[in-house]
Amino acid sequence: VLAGTTTRAPAPPATPRNLEGALARVRANLAHFDRPAPAPPTFAVGDPVRTRRHGHSGHTRLPAYARAAAGTITAHHGAHVFADRNAEGIEDPQHLYTVEFDAAELWGNEADPRDTVRLDLWEPYLVCP
């Protein structure tokens with residue numbers, strides 16, 4: 001011990017919190033964004049799609065790098081709150097899909113040909129190729 005310093009015993013381990021109670025509170029407060037489907041889905045798993053150019057100036061969850069890109073539907077998640085319209089205060093449920101893109105489709109020939117990118121995209125962003 002150096003002059004003018006003191007040593008302390010290590011603090012006792014923290015008392016475990018009531019994790020079950022915390023989990024129950026989290027589960028009770030979960031927001032759900034799935035909604036009844038307004039119409040049957042347009043696409044199915046395995047379908048080829050192309051994203052729209054989507055040049056509007058409002059809110060969108062379609063990334064600029066994925067516009068006008070070709071991909072394949074890998075999952076359908078049902079209908080959910082469509083964020084673009086929800087940003088305007090309008091709840092407009094739309095089908096939500098996972099779309100897989102080859103990296104080269106998004107990033108060009110410099111991309112590793114083994115890489116893919118998966119994006120969750122709403123049906124209004126997608127068209128048949």
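## Polar contacts of Thr 98

A polar contact is a pair of N or O atoms within 3.5 Å; within protein, one of the two must be able to donate a hydrogen and the other to accept it. In this predicted model, the side chain of Thr 98 makes such a contact with the side chain of Asp 120, at 2.6 Å. The Thr 98 side chain also has a polar contact with the side chain of His 77, at 2.6 Å.

## Setting of Thr 98

Thr 98 is part of strand β4. Its relative accessibility is 10%, so Thr 98 counts as buried, the cut-off being under 20%.

Leaving aside residues up to four places away in sequence, Thr 98 touches Thr 72, Ile 73, Thr 74, Ala 75 and His 77, together with Arg 118, Leu 119 and Asp 120.

## Strand pairing

Strand β3 covers residues 70–80. β3 and β4 (residues 94–102) run antiparallel and are joined by six bridges.

With β2 (residues 48–51) the pairing is antiparallel over three bridges, and Val 49 has Gly 71 in β3 as its bridge partner. With β1 (residues 34–35) there are two bridges, again antiparallel; here Arg 35 is partnered by Ala 79 in β3.

How values were computed: Residues are numbered from 1 along each chain as its sequence is written. This is a predicted model: local features need pLDDT of at least 70, side-chain atom pairs count only at pLDDT 80 or more; totals for chains, interfaces and linings use all residues. Side-chain values use heavy atoms; hydrogens and water are left out. Two strands pair if DSSP finds at least two bridges between them. Helices (H or I, at least four residues) and strands (E, at least two) are DSSP runs, numbered from the N terminus. Buried means under 20% relative accessible area, exposed over 50%, partly exposed in between (1.4 Å probe, protein chains only). Contact means heavy atoms within 4.5 Å.
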